Amino acid sequence: MAARKTTKKPNVSAEELTTYYREMLLIRRFEEKAGQLYGMGLIGGFCHLYIGQEAVVVGLEAAAKEGDKRITSYRDHGHMLACGMDPGGVMAELTGRIGGLSKGKGGSMHMFSKEKHFYGGHGIVGAQVPLGAGLAFADKYKENGGVTFTYFGDGAANQGQVYETFNMAALWDLPVVFVIENNQYAMGTSQARSTSTKDIYHRGEAFGIPGEIVNGMDVLAVKAAGEKAVAHCRAGKGPYILEVKTYRYRGHSMSDPAKYRTREEVQKVREQSDPIEHVRELLLTGKHASEDDLKAIDKEIKEIVNQAAEFSKESPEPSVEELWTDIYA
Amino acid sequence: MATEILMPALSPTMEEGTLAKWLVKEGDTVSSGDIMAEIETDKATMEFEAVDEGIVGKILIAEGTEGVKVNTPIAVLVEEGEDASALPAAAPAAAAVTEAAPAAVEAPASAPAAPVIDLSPDWPADAEMKSETVREALRDAMAEEMRGDEDVYLMGEEVAEYQGAYKISQGLLDEFGSKRVIDTPITEHGFAGIAVGSAFGGLKPIVEFMTFNFAMQAIDQIINSAAKTLYMSGGQMGCPIVFRGPNGAAARVAAQHSQDYAAWYMQIPGLKVVMPYSAADAKGLLKSAIRDPNPVIFLENEILYGRSFDVPQVDDLTVPLGKARIWREGTDVTIVSFGIGMQYALEAADKLAEEGISAEVIDLRTIRPMDTGAIINSVMKTNRLVTVEEGWPQGSVGSYISSVVMQEAFDYLDAPVINCTGKDVPMPYAANLEKLALITTDEVIAAVKQVTYR
């Protein structure tokens, strides 16, 4: 776990910091609410929370520009909120209602937004990696200057298709940023027990893909690394790998008792490296915001999340006709 | 305001659990993330965290209590200076779930199917015909569609510089260049996924598998990514893509290179599955498949590649997907086949005619969506049905046809349906055994005689 390195006087505006604080807090509060709704039986099936990893998507979204694409695995709520998808639509998909982004037919793991260039939400570990390279292939083919952020975890990094994709992405200079969200556990199996190499990004070297380790608990570090990676891709130099060290506070899914790690390990990260506390400190010590300012943001976020939750409860279940729609275009 | 803490559902299947241990006591202050209790679910013992801040006002369910139903209040959280008895009267939100659930029961058991039989000709009767091989027809189909749409490209092993492992893509690199005719490494899973992703991104890929045997490496991307995304995205994101290549047995290439996948792909909602026999159909169906906004599995046959058929010389020859073709009209028995199976069906019909048995031969051409209306219509006339395919018997295309005909035309059948299939064995290498494993014309003739009681 990367310990927090607080840049004393980061070259960043109050406005920017406030934006990151707000966006990360939205994800955290949203996920806490999702966990609560799951406990109440309003959300079913699998539900993988993003709590602890917020700085990864918020930092990388800050490095993206309009038209860039993103694709990820089943732990996807944070990515959707960070790219501007409606919290009510996401929550209503979790509760399986018609107001959900997939009309209640996809659920937590399968959501999409053409408008926000979010290409899922994929339930098969690693399958999104060639798909993401394919999105980049389309951008290159159309010569539109787009870059695709392809997120996957340390667990997916052991799937064969990841390396098939690395090979072709490098061979064809595809504009794709491979973001390895290394939260150190593939469900219950730690990286040390599953992965032969210490640093996963090193594997890119075998294909000629440059990469680096990023402190995923520091949104500013993530953003800076993201900007570098995106510039590399946009310059036509092919793919780039960011291995972002992060940590999930909750279990793999709602039904994971997380016995494979100690309570102390989780507590230590929460206390010493929390990405939201980091920005909160920067805002307060830099006198960019007062406690009252932040309380006002907290209140505002709580309101957004409560509204999303209300919408997700009030939106009706899909009509029975929906069973038979959207099978063929 | 006092809030009730409810027994949480902590797994997809949990309905009740044991409140194993309280880790807080009345009067304790808790904040978001603090562990309040240990709860035993049907899967494991889970730690239950507080979501809100507050003081534990009252514990309602003692530790050690078993069978606590989900959503039962287990404790009350109060604010500073508040009494636990100041509970809101509001019903737990979970009521919404129980009310909402039963709606699905009313869903129809199967898709309403009203057979619509399209007997219109696929091209004008007076069209000029020219003899062409299936190979040429497939190449021409791709070239015409690539000329018409910049977003169409071809990807696969040896499709470009080698000109195609079976020479289907001959000349395409010269005409369209390496941007649109792309040699891949030998990496089916990876390039199928990249092609599907590019279809999400707005392109219209044609993916050539050197043979469909190798597509098993890629079947997750074909089914989980290509076929299901439109549904999972609530209709937002489709996947216009064609997966094509030779399927089924060639000659003497043994078990791993000789499998018919028609029945495999036929099962998947979201896929269309095409398996042409003639060159004209190969051309017209491939052009339609490339234009189709859905993922299409296009199953070719190596033995048929070199075979010549009359192909109508019309501008833009297309054949609609999902429409069977009556190759030969007859009155005594219906023989339904597709792909190379048609060869045996047609040969059998010729020989049967010499013996005075009139067989109607239907080429399905598309396996999914299947033109079951054409089959039923024919069975209503002939009252007897034989299906012919190269694939294995269990879960075959023929067994599906049999079930449809039994449900929808049972009263019209004068004999049990017979499915002629390949033998239920991996394909052997030895020439004599391979011959025995494959379907033969004689077997089709024998089946027809059985259903016509001759």
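Student: How many residues does the contact take from chain B and from chain A?

Tutor: The contact takes 57 residues from chain B and 51 from chain A, with a pair in contact if the C-beta atoms, placed from the backbone, lie within 7 Å. On the side of chain B that touches chain A, at least two residues each come from β5 (45-49), α1 (95-100), α4 (188-200), α5 (219-227) and α6 (229-232) of chain B. Helix α4(B) supplies the largest share of that side, ten residues. Helices (H or I, at least four residues) and strands (E, at least two) are DSSP runs numbered from the N terminus.

Tutor: The model is predicted, so local features need pLDDT of at least 70 and side-chain atom pairs pLDDT 80 or more, while totals for chains, interfaces and linings use all residues. Residues are numbered from 1 along each chain as its sequence is written, and chains are lettered from A and ligands numbered from 1 in the order written.

Student: What makes B:N71 buried?

Tutor: B:N71 has 23 other C-beta atoms within 10 Å. Buried requires 20 or more, exposed 12 or fewer, and partly exposed lies in between, all counted within 10 Å with C-beta atoms placed from the backbone. B:N71 is therefore buried. Its place is the loop between β7 (65-69) and β8 (73-78) of chain B, and its phi is positive, about 80°, although it is not a glycine.

Student: Is A:D173 buried or partly exposed?

Tutor: A:D173 has 14 C-beta neighbours inside 10 Å, so it counts as partly exposed. A:D173 is in the loop between α6 (160-171) and β4 (176-182) of chain A. Phi of A:D173 is near 50°, positive in a residue other than glycine.

Student: Why does the radius of gyration of chain A agree with a compact globule?

Tutor: For 329 residues a compact globule would have a value near 20 Å, and chain A has 19 Å, which agrees. The rule is 2.2 Å times the number of residues to the power 0.38, and the radius is taken over C-alpha atoms. The C-alpha trace of chain A spans about 55 × 50 × 40 Å along its principal axes. Chain A has eleven helices and eight strands, and 59% of its 329 residues are buried. Of its contacts with a separation of 6 or more, 77% join residues 24 or more positions apart.

Student: What makes α2(A) oblique to α8(A)?

Tutor: The axes of α2 (residues 54-63) and α8 (residues 219-234) of chain A come within 7 Å and cross at roughly 45°. That makes the pair oblique, because under 35 degrees is roughly parallel, over 145 roughly antiparallel, 65 to 115 roughly perpendicular and the rest oblique. Residues of this contact include A:A55, A:V56 and A:G59 of α2(A), and A:V222, A:G226 and A:V230 of α8(A).

Student: Which residues have the most contacts inside the largest nonpolar core?

Tutor: They are A:V177, B:I335, B:V386, B:V444 and B:V448, in a core of 225 residues. Helix α1 (residues 14-39) of chain A gives the most to this core, eleven residues. Such a core is a set of buried Ala, Val, Leu, Ile, Met, Phe, Trp, Tyr and Cys residues joined through C-beta atoms within 7 Å. Not counting residues up to four places away in sequence, B:V444 touches B:I335, B:V386 and B:C420, among others.

Student: Which elements do the buried residues of α11(B) pack against?

Tutor: They pack against β18 (333-337), β19 (359-363), β21 (385-388) and α12 (397-409) of chain B. Among these buried residues are B:I375, B:I376 and B:V379. B:N383, with a positive phi near 65°, follows α11(B). In the loop between β20 (366-368) and α11 (372-382) of chain B is B:P369. The peptide bond from B:R368 to B:P369 is cis, with omega near -5°.

Notes: Two residues are in contact if their C-beta atoms, placed from the backbone, lie within 7 Å. Axes are lines fitted to C-alpha atoms, for helices over the stretch in contact, and angles run from 0 to 180 degrees between N-to-C directions.
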